[in-house]
There are 2 protein chains.
Amino acid sequence: MEIKIMKNILDRNLDKANEVRNILKEKKVVMVNIISSPGAGKTTLLERTCEKLAAKLRIGVIEGDITTDRDAQRLKKYNIPIVVINTEGGCHLDSHSISKVLDLFDLNNLDVIFVENVGNLICPSHFDLGESFKLAVVSTAEGDDKPGKYPMLFREAKAVLLNKIDLIPYTNFNFSSFRTDLDKINPQIPLFEVSCTKGDGLEEWFEWIEKQIRIHD
Amino acid sequence: MEIKIMKNILDRNLDKANEVRNILKEKKVVMVNIISSPGAGKTTLLERTCEKLAAKLRIGVIEGDITTDRDAQRLKKYNIPIVVINTEGGCHLDSHSISKVLDLFDLNNLDVIFVENVGNLICPSHFDLGESFKLAVVSTAEGDDKPGKYPMLFREAKAVLLNKIDLIPYTNFNFSSFRTDLDKINPQIPLFEVSCTKGDGLEEWFEWIEKQIRIHD
């Protein structure tokens, strides 16, 4: 019974996600669904990405948060359209909440919408938002065992961004264990090793993400 | 409709949690429900706690994980009873899963069961397991804004353990922002500032947790 209810919820979510995807396709807007644990660095990644690309790409952001608009406040300085969705205790965004806010953007004048999902390595992976693809962000401080222990996101994502590589010398993070785990789950997936606070390794990321966004050019 | 279903699930969970709590009370076993983001250091905390206290307290552990028994493997060396619950994609433990495995312990010969919940700062806070109390673990590498952004756990917990204080010099963690946020949500809550890998600050934690467990003496 509970499983059936869950299936209905996911089916309805997928229907609405496909609607969102069709609208975005028609408007030639790429949507990136960014998923990570709390504090892995999604907002800092968006700060760096806006600094680099906001002058040449038309960027919009949807900030998913349980409560507060703190992450959105951090992005205000880039003068881009930002919409906050507060889930009020909810552990993930879904396609219905995305669909409701899509009208708040001028889709004819956007190239990409970055969705910063609620900080949670599990539930957001189950809910298609109508995105073009998912991006997994994981920080070295979380340990090298995350792909093995939380495989779903790493299976579903189009790329993995390993953040906080500057902390590796001060932790017991073992890169080869991380790589071995990831290879078992998704051997072809692009992996970016970066520090969003220090700026290390970001050039490859900027190049890759710009290419994904310019797919309609 | 969906809200009503969720209420039913939570009501049934609470009924079973109260059953678990009554059994544990009768057997004079304390249960600690440990909740954190992925990689905040729950297992390392259990390693340090077993090293210090397993000789004088009878400790059991329930390991909640989506898949794998990696955390349980790390605790095998302490020769304590450990039960693994794999949620197979599920984002939290519930009281029914705890109730099912309780018989696997010899409750007459235990003082405490530590439950390491699934790594998730949100969903586990909503599900009472029948525990004596919740412990919130948060790592400095996650940033100082976690109590403000994920208030529920910090409201519900009996204590907060701030882990990885050895990383503070290499991050932009601001202790006073963290403290201000926490004070707004739960000003009286005990806060332990520790590094489970380096051993810093653990004595206060050992003393406090031993006192909570010896409540039946």
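Predicted model: local features only at pLDDT ≥ 70, side-chain atom pairs only at ≥ 80, totals over all residues.
Local features need pLDDT of at least 70 and side-chain atom pairs count only at pLDDT 80 or more, while totals for chains, interfaces and linings use all residues; side-chain values use heavy atoms, with hydrogens and water left out. Residues are numbered from 1 along each chain as its sequence is written, and chains are lettered from A and ligands numbered from 1 in the order in which they are written.

**View 1. The interface of chain A and chain B.** Chain A gives 39 residues to the contact, and chain B gives 39 residues. Contact means heavy atoms within 4.5 Å. The two chains bury about 2,900 Å² between them, with 57% of it on carbon and sulfur atoms. On the chain A side, A:Pro38, A:Lys149 and A:Tyr170 lose the most area to chain B; together they make up 21% of what that side buries. Buried area is the accessible area (1.4 Å probe) that two parts lose on being put together, summed over both.

View 2. Six salt bridges cross between chain A and chain B. A salt bridge is a side-chain nitrogen of Lys or Arg within 4 Å of a carboxyl oxygen of Asp or Glu. One pairs the side chains of A:Arg70 and B:Asp181, at 2.9 Å from N to O. On chain A, the elements that give two or more residues to the side touching chain B are helix H1 (2–26), helix H3 (70–75) and helix H5 (146–149). H1(A) supplies the largest share, four residues. By class, this side of chain A has 14 nonpolar, 12 polar and 13 charged residues. Here Ala, Val, Leu, Ile, Met, Phe, Trp, Tyr, Cys and Pro count as nonpolar, Asp, Glu, Lys and Arg as charged, and the others, Gly among them, as polar.

**View 3. The salt bridge of B:Lys149 and A:Asp65.** The side chains of B:Lys149 and A:Asp65 meet at 3.6 Å, N to O. B:Lys149 lies in helix H5 (residues 146–149) of chain B and A:Asp65 in strand E2 (residues 59–65) of chain A, so the pair joins two chains. Both residues are buried. Buried means under 20% relative accessible area, exposed over 50%, and partly exposed in between (1.4 Å probe, protein chains only). Helices (H or I, at least four residues) and strands (E, at least two) are DSSP runs, numbered from the N terminus.

**View 4. Salt bridges within chain B.** Over all chains, the structure holds 34 salt bridges. B:Glu47 pairs with B:Lys77, the closest N and O atoms being 3.1 Å apart. The pair links distant parts of the chain, 30 residues apart: B:Glu47 is in helix H2 (residues 42–53), and B:Lys77 is in the loop between helix H3 (70–75) and strand E3 (82–86). B:Glu47 is buried at 8% relative accessible area, whereas B:Lys77 is exposed at 52%. B:Arg179 and B:Asp183 form a salt bridge at 3.0 Å, N to O. Both lie in helix H7 (residues 175–185) of chain B, four residues apart, about one turn of the helix. B:Arg179 is partly exposed, at 24% relative accessible area. B:Asp183 is partly exposed too, at 33%.

**View 5. The surroundings of B:Glu131.** B:Glu131 sits in the loop between strand E4 (112–116) and strand E5 (133–139) of chain B. This residue is buried, with a relative accessible area of 5%. Its side chain makes a polar contact of 3.2 Å with that of B:Asn33. The side chain of B:Glu131 also reaches the backbone nitrogen of B:Leu129 at 2.8 Å. A polar contact is a pair of N or O atoms within 3.5 Å; within protein, one must be able to donate a hydrogen and the other to accept it, and residues adjacent in sequence count only if both atoms are side-chain atoms. Leaving aside neighbours within four places in sequence, B:Glu131 is in contact with B:Arg21, B:Met31 and B:Asn33.
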